[in-house]
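User: I am new to this structure and would be grateful for a close look at one part of it. Please give a single connected account.

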Amino acid sequence: MSTLTIEGWCKVKDHQKSTPVGEIHFYVDGALHQRLEQAEEQLQQTLAPEAMVDVDLQTLSLQLPEGYGPLSDCQMRVYLSEERGQFHLVGHRASDGSLIYTNAVLIDQLL
């Protein structure tokens, strides 16, 4: 499917600004791609603001910059922007619960 390298961010506390962490690498296999498309269709039908899609960390092959992993949880947040589905990785650093996330990608850009 698609190997992605996307700029990542860390937000230590709710009131602090996010800081860049560098590139985050992960792999979107066919099964995850299908779940992302299903979430997009669900959002278009229900007009819900977002959907969270669980990921399999084994097939995700997640690579975080040094000092930002491992994650205690990891999902893909799917939302609509101008009726097009977008997603980004979100998780929490196991050591302190800081939010780790990536910039968004259009679902239809996945091959």
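Is Arg93 buried or exposed, and at what relative accessibility? Please also set out its salt bridge partner and the other pairings of this kind in the chain.

Analyst: The model discussed here is a predicted one. Within it, Arg93 counts as buried, because its relative accessibility is 10% and the limit for a buried residue is under 20%.

The partner of Arg93 is Asp96: the two form a salt bridge in which the closest N and O atoms lie 2.9 Å apart. Asp96, for its part, counts as partly exposed, at 44% relative accessibility.

Arg93 belongs to strand β5, which covers residues 84–93. Arg84 lies in this strand as well, and its side chain meets that of Asp108 in a salt bridge with an N to O distance of 3.0 Å. This pair links distant parts of the chain: Asp108 is in the segment after β7 (105–106), and the two residues are 24 apart.

Besides the two pairs already described, the side chains of Arg77 and Glu50 meet in a salt bridge at 2.6 Å, N to O. Arg77 lies in strand β4 (residues 71–81) and Glu50 in the loop between α1 (30–46) and β3 (51–54), so the pair ties together parts that are 27 residues apart in sequence. Arg77 is partly exposed at 24% relative accessibility, and Glu50 is partly exposed at 37%.

Cys10 is in no disulfide, and the nearest cysteine sulfur to its own, that of Cys74, is 14 Å away. Seen from Cys74, the closest cysteine sulfur is the one in Cys10, and the 14 Å between them is too far for a bond, because a disulfide requires the two sulfur atoms to be within 2.5 Å. Both cysteines are buried: Cys10 has a relative accessible area of 3%, and Cys74 stands at 9%.

Note on methods
Residues are numbered from 1 along each chain as its sequence is written. This is a predicted model: local features need pLDDT of at least 70, side-chain atom pairs count only at pLDDT 80 or more; totals for chains, interfaces and linings use all residues. Side-chain values use heavy atoms; hydrogens and water are left out. A salt bridge is a side-chain nitrogen of Lys or Arg within 4 Å of a carboxyl oxygen of Asp or Glu. Helices (H or I, at least four residues) and strands (E, at least two) are DSSP runs, numbered from the N terminus. Buried means under 20% relative accessible area, exposed over 50%, partly exposed in between (1.4 Å probe, protein chains only).
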